[in-house]
Amino acid sequence: ADEVGATPKLEPQLSQVVLDDEEILAAALAVEQAGAEAETMTKACTTFVLQKGPEMKGLVPAAKQVDSADMNQALAKLLRQIQELAIASEAMLAKAKQAKHRVQKRSWARERTKQAEEIFRRYDKDEDGFLSKAEVQNYTKGEYGFQLPKRMITRVWQNLVDEGAKGVALKDFQQLKIQVGIAREIARDDQRKLVTAAKVKVLDSIRQGLSEKLRELTQIADDASREVAKLEQRVKPLTFRAKGISPQEMVRMSDESDELIQETAGYVDALRARMASLSEGVEKRFQEDARVFIKDQAKPLYGYLGRLENRITRTRIISNRFRQGAAKRKAAELERLRVAAARLIMHNKRLRSASDDAMFGNSISKEDFLKFFESADVEIRLADEKAERARRLAALPTPVVVPPPDHASAAAAV
């Protein structure tokens, strides 16, 4: 506790009147280091008292023959002293932090002042310690890319330039920067007003005649809707007419549907292109505003157009499914044909008692293969196929059956 009590002695280091910034920072650093040590000590003392307190309450009165109540009071007083020391340490740390912050602020202020002086000297071409009107204009152009209006130049001279002075002095340079900032914001606000007025004018010109154009587009949309309805009627049979139709016929129907779908989609695409062209001729900077305005005004028509496109998409799905069904049916027919051809070839091999080489050799041309089927015997009897199958099975080698290992006998032998 005595060591912790050394913390308040750091206060005179910060209360010295004559200290430069470096000395203040050094003193603040010393306080922070001592404060960290003091915090460690106070925590150690508090932990020791709390952990060993119950033991001391019993042993110390017995060893020194004092009243246990006095011992309790001594421990409580010690804890209060430790807490007071901790509070004092925190207070000193707060003062050190404030001192460092004040030094940093002064350092930043000196740096800003130095930068302002450098900028001032850069534009004070005649080095007379004042910025003339021409030099002020060069300053605003060079630093901000901004031409100070004449009315603002007049206001600056009225507010910042003393009577008889050559121009803005260095001491008023910060106020000049503020006046320039105000002028820039006024100029930006004026520009925004001009842009807003121009945008309103553009939107008004679009509004004029927009209703008539939307009525024309609505009629075109109705025509497109009738074309879509015709398309749906043409595609509808594809959902239930697959039975009994050859794959070739199914493909032909899908091709016709796709052509009609493409033609009908052209009507809808043309309608969307007409609607997009409503914002043509507008200045590039206002085109997005024009599109948003037109889309809001034509919201029902855009919704109608979206529904038409969804209907066309459904017809595409139906046609694609029908085409996929044709491909599956063609594959199934080819498989049936392959199985029938294989049976016919095997039947004729039996009749002729010929091998594969004798039947076709190493290779066979398409024409010879077709001639074979023209001259082949096509009367296949099931009894002959069954007999051939039995003969082939009998010709297969008899599989060797390996008995399972007799683990019990092996264990007994061991």
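View 1. E212 is partly exposed, with a relative accessible area of 40%. In this predicted model, E212 forms a salt bridge with R215. Their closest N and O atoms are 2.6 Å apart. Both residues lie in helix α7, which covers residues 210-235. Three residues separate them, about one turn of the helix. R215 counts as partly exposed, at 48% relative accessibility.

**View 2. D204 and R207 meet in a salt bridge.** The N to O distance between these side chains is 2.7 Å. Both residues lie in helix α6, three residues apart. That spacing is about one turn of the helix. D204 has a relative accessible area of 34%, so D204 is partly exposed. R207 is also partly exposed, at 42% relative accessibility.

**View 3. D190 and R151 form a salt bridge.** The closest N and O atoms of this pair are 3.8 Å apart. D190 lies in helix α6 and R151 in helix α5 (residues 150-160), so the pair ties together parts that are 39 residues apart in sequence. D190 is partly exposed, at 32% relative accessibility. R151 is exposed, at 51%.

**View 4. Salt bridges link five residues in a network.** The members are E185, R188, D189, R192 and K193. Side chains of opposite charge can pair when their charged atoms come close. The structure holds 23 salt bridges.

**View 5. I178, I182 and I186 make a nonpolar surface patch.** I186 sits in helix α6, which runs over residues 173-207. At 30% relative accessibility, I186 counts as partly exposed.

**View 6. T315 is buried in helix α10.** The helix spans residues 299-352. T315 has 2% relative accessibility, so it counts as buried. Its side chain reaches the backbone oxygen of I312 at 2.5 Å. Leaving aside neighbours within four places in sequence, T315 is in contact with L231, E232, V235 and I261.

**View 7. The whole chain gives the setting for the close-ups.** The protein chain has 414 residues, and buried residues make up 26% of them. Its secondary structure comes to 14 helices and two strands. The accessible surface is about 28,600 Å², and 54% of that belongs to carbon and sulfur atoms. Among contacts with a separation of 6 or more, 72% join residues 24 or more positions apart. The chain averages a pLDDT of 82, and 89% of the residues score at least 70. Over residues 1-16, pLDDT stays under 50. For that stretch the model has 28 contacts beyond four places in sequence.

Key. Residues numbered from 1 in each chain as written. Predicted model: local features only at pLDDT ≥ 70, side-chain atom pairs only at ≥ 80, totals over all residues. Heavy atoms only, no water. Patch = residues over 30% accessible without salt bridge, like charges linked within 9 Å, V, L, I, M, F, W, Y side chains within 5 Å. Areas by Shrake-Rupley, 256 points an atom, 1.4 Å probe, with all protein chains shown as cover. Salt bridge = Lys/Arg side-chain N within 4 Å of Asp/Glu carboxyl O. Helix = DSSP H or I, 4+ residues; strand = E, 2+ residues; numbered from the N terminus. Buried < 20%, exposed > 50% of the residue type's maximum accessible area, 1.4 Å probe, protein only. pLDDT = per-residue confidence, 0-100. Contact = heavy atoms within 4.5 Å. Polar contact = N/O pair within 3.5 Å; in protein donor to acceptor, adjacent residues only side chain to side chain.
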